[in-house]
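Please open the model in a viewer and keep the sequence beside it. The tour goes from one selection to the next.

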Amino acid sequence: TAETRLVHPTHAKSIHEFRALNPDLSFHVYDKDKRDQYMAEHWSHHDIYNIYQRAIFGQMKADIFRYCIIYDNGGYYIDYNKGATTPLTQLHEPQTSAWLILTDDVASICPSTALLQLNPGTVNFFAHDYFGFSPGHPAVEAVIQEIVNNSPFFDGKKCWSAHRAVHTLTGGGAFTEAVRPLLRRQKPAAMQFQLTAASELFQRL
């Protein structure tokens, strides 16, 4: 997603290189207008759409949109200004239905001891600017519902940091909190989760 499809030539070159690295994948870019159209056509019946419409920050709209379109169609989501030097399909097993990136940023709230024992890296946030899911995956449904459930508590609230509020309601904070319970209830293999360290995006040349 991007507010506009216009990019600097250097950025465009990087995008072309990333696409060339992944010839087996198709790429779709959604600008603001295309994003709004998709949400109106496919999610106007859902409570998340009202939150999307009322969001005053473009980042919140982009967050909500990415969850909704991946829930509908499956596939990878990667921010317009992100990339990798590793082909995406080499970063997970073919049967994986949920591919998650562990960031280098320790989360504000520690996960359960059981989850840390399963994978110590889960002490960090999960990236919401890189991920991949099969269509209709419960983890994506969970983050959409998390936003719907928590949104009323943000209405009219004064926040010292807009960035932190967005991160908590729709961004990496919400994404991490929605995914963690699914990982706690059962081992990742049971739902075909695969966790990848952020550094691996740039290792396998």
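Which residues of helix H3 (residues 47–54) are buried? Select the helix: Ile48, Tyr49, Ile51 and Tyr52 are the buried ones. They cover an arc of only 160 degrees around the axis, so they sit on the same side of H3; the arc is that of the directions from the helix axis to the C-beta atoms. An α-helix has 3.6 residues a turn, so residues three or four places apart point the same way. Buried means under 20% relative accessible area, exposed over 50%, and partly exposed in between (1.4 Å probe, protein chains only).

This is a predicted model, in which local features need pLDDT of at least 70, side-chain atom pairs count only at pLDDT 80 or more, and totals for chains, interfaces and linings use all residues. Residues are numbered from 1 along each chain as its sequence is written, and side-chain values use heavy atoms, with hydrogens and water left out.

Helix H2 (32–43), helix H4 (58–73) and helix H6 (138–150) are included in what covers its buried residues. Contact here means heavy atoms within 4.5 Å.

Stay on H6 and select Glu146, which is found in this helix. Glu146 counts as partly exposed, at 23% relative accessibility. Leaving out residues up to four places away in sequence, Glu146 touches Ala174, Glu177 and Ala178. Draw a C-alpha to C-alpha distance from Glu146 to Ile48: the two are 9.9 Å apart in space and 98 residues apart in sequence. Ile48 is one of the buried residues of H3.

Ala142 also lies in helix H6. With a relative accessible area of 25%, Ala142 is partly exposed. Its C-alpha atom is separated by 9.5 Å from that of Pro181, 39 residues apart along the chain.

Now move to strand S3 (residues 124–133) and select His128. Is His128 buried or exposed? His128 is buried, with a relative accessible area of 15%. Not counting residues up to four places away in sequence, the residues that His128 touches are Gln59, Asp63, Arg66, Tyr67, Tyr77, Thr170, Gly171, Gly172 and Phe175.

Finally, zoom out to the whole chain. The protein chain has eight helices and four strands, in the order α-α-α-α-β-β-α-β-α-α-α-β. Helices (H or I, at least four residues) and strands (E, at least two) are DSSP runs, numbered from the N terminus. The radius of gyration is 17 Å, close to the 17 Å that the globule rule gives for 205 residues, so the chain is as compact as a globular protein of that length. That radius is taken over C-alpha atoms, and the rule is 2.2 Å times the number of residues to the power 0.38. The C-alpha trace spans about 45 × 45 × 30 Å along its principal axes.

Of the 205 residues, 46% count as buried. Among contacts between residues at least 6 apart in sequence, 77% join residues at least 24 apart.
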